[in-house]
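Work through the exercises below with the model open beside you. Try each task before you read its solution.

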Amino acid sequence: MISNNICGGRTHGIGAGITIFVLLLLVGEAGASGEVWTWGMNNAGQLGDGTQTQRSTPVQVIGLSGVTAIAGGGPHTIALKSDRTVWTWGDNYYGQLGDGTNTLRITPVQVSGLSGVIAIAGAQQHTIALKSDGTVWTWGANYNGRLGDGTQTDRLTPVQVVGLSGVTAIDGAFYHTIALKSDGTVWTWGYNSDGRLGDGTKTTRLTPVQVIGLSGVTAIAGGSWHTIALKSDGTVWTWGGNNNNQLGDGTTTTRLTPVQVSELSGVTAIADGEAHTIALGGQLSTPTPTPTVTPVPTSSPSPTPTTMPPTSTPTLINSCTKISSPGEYVLNRNILDSSEINCINITSSNVVIDGAGYTIDGIDKRETFGVVVYNSTTVLTNVTVKNLKVTDWDYGIYYKNVQKSIIVNNNANSNNAGINLRSSSNNELSGNTANSNNDLGIIMAFSSNNKLSGNTANSNMDGINLGSSSSNTLSSNNASLNHQHGIVLDSSSNYNTLSGNTANSNAKYGIRLTFSSNNKLSGNTANSNYYAGILLWSSSNNTIYNNIFNHYVNFDFSGDNNNTWNTMRTSGLNIIGGSYLGGNVWANPSGKGFSQTCTDADNDGICDSTYVLDANNIDYLPLAYNLSVASTPIPTIVPTSTPTAISYQVTIEIFGSKFNPIEMRILKGTTVRWTNKDSSLHTINGDNFRSPPLNKRDTWDYTFYETGTYEYSCLSHPYMLHGKIIVAPDSIPANKPATTQTTISVEVKEINKTEEKHQESKVPATPGFTAMSFLIAGMLLSILIRKIK
């Protein structure tokens with residue numbers, strides 16, 4: 001029998017150790033004898049039953065008794081025993097199990113060197129424990145300092161939080177950690193871009209800081225972007241991100257210090273959600289009128305954004321400016337090396353900003369925006385940004401809380417992130433280019449019902465990335481040659497439609513789905529990606545058909561996945577020109593893929609046998625690539641935004657005093673282009689090659705005609721990690737000149753209306769390899785290292 005006499009491991013009043021994202025099903029209960037029961041997702045062994053099988057009813061955690069408290073992290077689980085030892089199981093990629101390894105555990109293991117614990121808390125990638133002496137101990141992921149030990153080094157075993165004592169309660173959030181001291185003060189540390197630490201700044205903290213102006217606190221809780229405190233007088237106080245009104249102060253304004261939740265008192269307990277807040281008990285001090293809401297049927301099509309009619313005399317812009325009134329605004333010159341935080345800052349609805357082909361250029365500084373469309377007090381609508389070039393910003397174009405608007409025909413290249421939609425819906429993005437950004441090309445977070453069509457996102461970290469974004473349509477986009485993935489659906493990005501997109505020659509996966517379901521993928525092409533064409537990680541109920549996958553490894557799975565890989569046999573033109581729709585094309589560059597070798601006795605373009613990916617993923621109607629039937633050859637890799645010759649050129653960027661990527665594998669005959677994106681001067685110095693000094697925006701090319709490993713460094717900065725070029729023995733069909741030629745291209749600062757500031761034919765670190773021997777070697781290496789991509 002399962003009993004519920006033990007509450008979960010979090011230290012606030014409501015909750016049973018549940019975590020953010022999709023792991024709510026990890027909630028278990030400890031019975032009278034201290035046994036633990038779990039059910040739900042089990043992709044990383046987080047249920048602790050010795051398997052990785054998802055469970056729809058409770059199962060008992062193996063070998064665990066005497067438990068007094070439980071907590072859930074990301075895909076990992078934590079238990080506190082009566083002897084005050086801590087036990088963990090599940091995912092351990094960042095060391096969050098604390099057993100001194102990175103090994104996934106499907107049954108409990110004891111946390112190393114930890115005793116005297118009285119409370120536990122779990123976060124997405126790290127774990128927290130409170131000892132009886134009032135000290136706090138942490139382990140796991142430490143990016144942005146969430147462990148509080150003064151470093152950003154991941155820890156495989158517990159470390160003590162620096163300078164913190166007298167603690168009575170703890171909690172963990174996605175990227176930050178919270179502690180309550182016996183004197184009623186609250187202390188926080190970790191990531192702070194939205195003020196979630198409450199110290200009056202947006203500065204990330206590697207050690208604890210005190211939340212400003214807060215005392216008399218009795219309970220704490222941490223959401224993904226906000227933090228909550230309950231005071232002894234029954235009032236609730238919040239701070240941090242507020243884009244979803246989670247602070248409860250009647251606004252969507254980010255708060256760097258605590259604000260009181262409006263009109264609520266007498267609260268006895270609090271809990272957090274990812275972007276919402278919960279209180280138990282309490283009462284409103286004044287009656288709240290019932291809002292009038294006009295229902296919108298879910299089946300109705302999304303409203304089509306409309307462009308603001310041009311005024312008779314558009315307002316001309318020749319410098320960074322704030323636009324707070326409706327109208328049409330036209331840029332009439334380049335804005336170069338701007339040190340403004342927000343160059344074009346739009347806070348009004350019904351605005352058109354026409355870049356007229358001109359460039360607004362920043363200085364590669366964090367937390368800066370080329371174009372930002374956001375008003376903290378209202379949702380903006382009908383804002384169009386078009387024909388603009390934005391470069392060298394943290395965010396090129398940034399929409400937040402924006403609806404029914406347009407982003408069209410812009411170039412958002414060479415920023416940290418190209419185009420970003422956050423908490424925005426019913427917008428259209430079309431014909432934009434977001435290439436060679438340090439992080440992501442096009443990003444959507446917490447955004448729905450948007451349409452992305454005809455955009456190009458090449459040579460970024462990820463091309464197009466959706467996080468917690470649903471019911472969007474992506475069509476005819478090109479996301480190729482990226483350093484990681486082409487198109488990513490992440491963190492419950494559900495009910496999206498992907499059609500006619502190209503995701504080729506990316507350094508990891510063409511298409512990646514993680515914890516995302518009920519998406520439809522059809523008519524997409526994913527060829528020559530380094531790991532595989534598509535990854536599904538704990539993603540089910542997706543429908544995937546009429547796509548081309550052409551790799552030595554076409555698919556990869558992690559966790560439990562159960563998807564549909566074909567539609568019914570239906571008359572209609574399929575992706576390779578056949579007469580029937582069914583499943584997918586499963587090809588291989590060697591010509592020996594399933595679709596290339598299957599029997600098709602009736603020549604209907606559908607294989608006579610099924611293609612089994614695994615027991616839960618079967619293509620019952622795989623397409624046959626039969627030259628007598630198929631009118632369309634399996635596409636080769638020619639990204640639409642770059643010339644064909646780009647296959648023989650790759651780019652390494654210098655940014656943040658680092659070579660990115662630090663190591664590159666190429667074929668013999670490939671030209672490597674180094675681009676300096678730092679403000680300081682750099683050089684490329686190898687045994688047989690040396691560049692002249694490169695200023696910001698300078699490029700230098702060198703072609704490698706001999707196989708081998710070539711290390712290089714920067715003579716100006718000897719402390720920089722050395723780069724490495726590995727040249728494979730298979731030649732590109734090109735004639736070696738008598739003398740190796742190198743070129744330097746130094747950019748001219750003055751730019752006229754028709755000139756490009758940055759070369760847009762950059763390509764990423766990992767091209768689409770065509771030589772069979774090198775591909776096989778790469779696959780074997782990736783399999784050895786592939787625990788989590």
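**Exercise 1: Asparagine 477**

Asparagine 477 touches Leu452, Ser453, Gly454, Asn455, Ile464, Gly500, Asn501 and Thr502, leaving aside residues up to four places away in sequence. Here contact means heavy atoms within 4.5 Å. This is a predicted model, in which local features need pLDDT of at least 70, side-chain atom pairs count only at pLDDT 80 or more, and totals for chains, interfaces and linings use all residues. Residues are numbered from 1 along each chain as its sequence is written, and side-chain values use heavy atoms, with hydrogens and water left out.

Task: Find where asparagine 477 is, decide whether it is buried or exposed, and say which backbone nitrogen its side chain reaches.

Solution:
- Step 1. Locate the residue. Asparagine 477 sits in the loop between β39 (473-475) and β40 (485-490). Strands are DSSP runs (E, at least two residues), numbered from the N terminus.
- Step 2. Judge its accessibility. Buried means under 20% relative accessible area, exposed over 50%, and partly exposed in between (1.4 Å probe, protein chains only). Asparagine 477 has 1% relative accessibility, so it counts as buried.
- Step 3. Follow the side chain. It reaches the backbone nitrogen of glycine 454 at 3.3 Å. Glycine 454 is also one of the residues that asparagine 477 touches.

**Exercise 2: The disulfides**

Task: How many disulfides does a search of the whole structure find? Which cysteines do they join?

Solution:
- Step 1. Apply the cut-off. A disulfide is a pair of cysteine sulfur atoms within 2.5 Å. The search finds two.
- Step 2. Take the pair of cysteine 320 and cysteine 343. Their S to S distance is 2.2 Å. The torsion about the S-S bond is about -85°, so this disulfide is left-handed. The pair links distant parts of the chain, 23 residues apart: cysteine 320 lies in the loop between β22 (315-317) and β23 (321-323), and cysteine 343 in strand β25 (residues 342-346). Cysteine 343 is buried, because its relative accessibility is 1%.
- Step 3. Take the pair of cysteine 598 and cysteine 607. The sulfurs are 2.0 Å apart. The torsion is about -70°, so this disulfide is left-handed. Cysteine 598 is buried at 16%, and cysteine 607 is buried at 5%.
- Step 4. Number the bonded cysteines in sequence order. The pairing is 1-2, 3-4.

**Exercise 3: Aspartate 392**

Task: Which strand holds aspartate 392? Is it buried or exposed?

Solution:
- Step 1. Aspartate 392 is in strand β30 (residues 389-400).
- Step 2. Its relative accessible area is 2%, so aspartate 392 is buried.

Key. Helices (H or I, at least four residues) and strands (E, at least two) are DSSP runs, numbered from the N terminus. A polar contact is a pair of N or O atoms within 3.5 Å; within protein, one must be able to donate a hydrogen and the other to accept it, and residues adjacent in sequence count only if both atoms are side-chain atoms.
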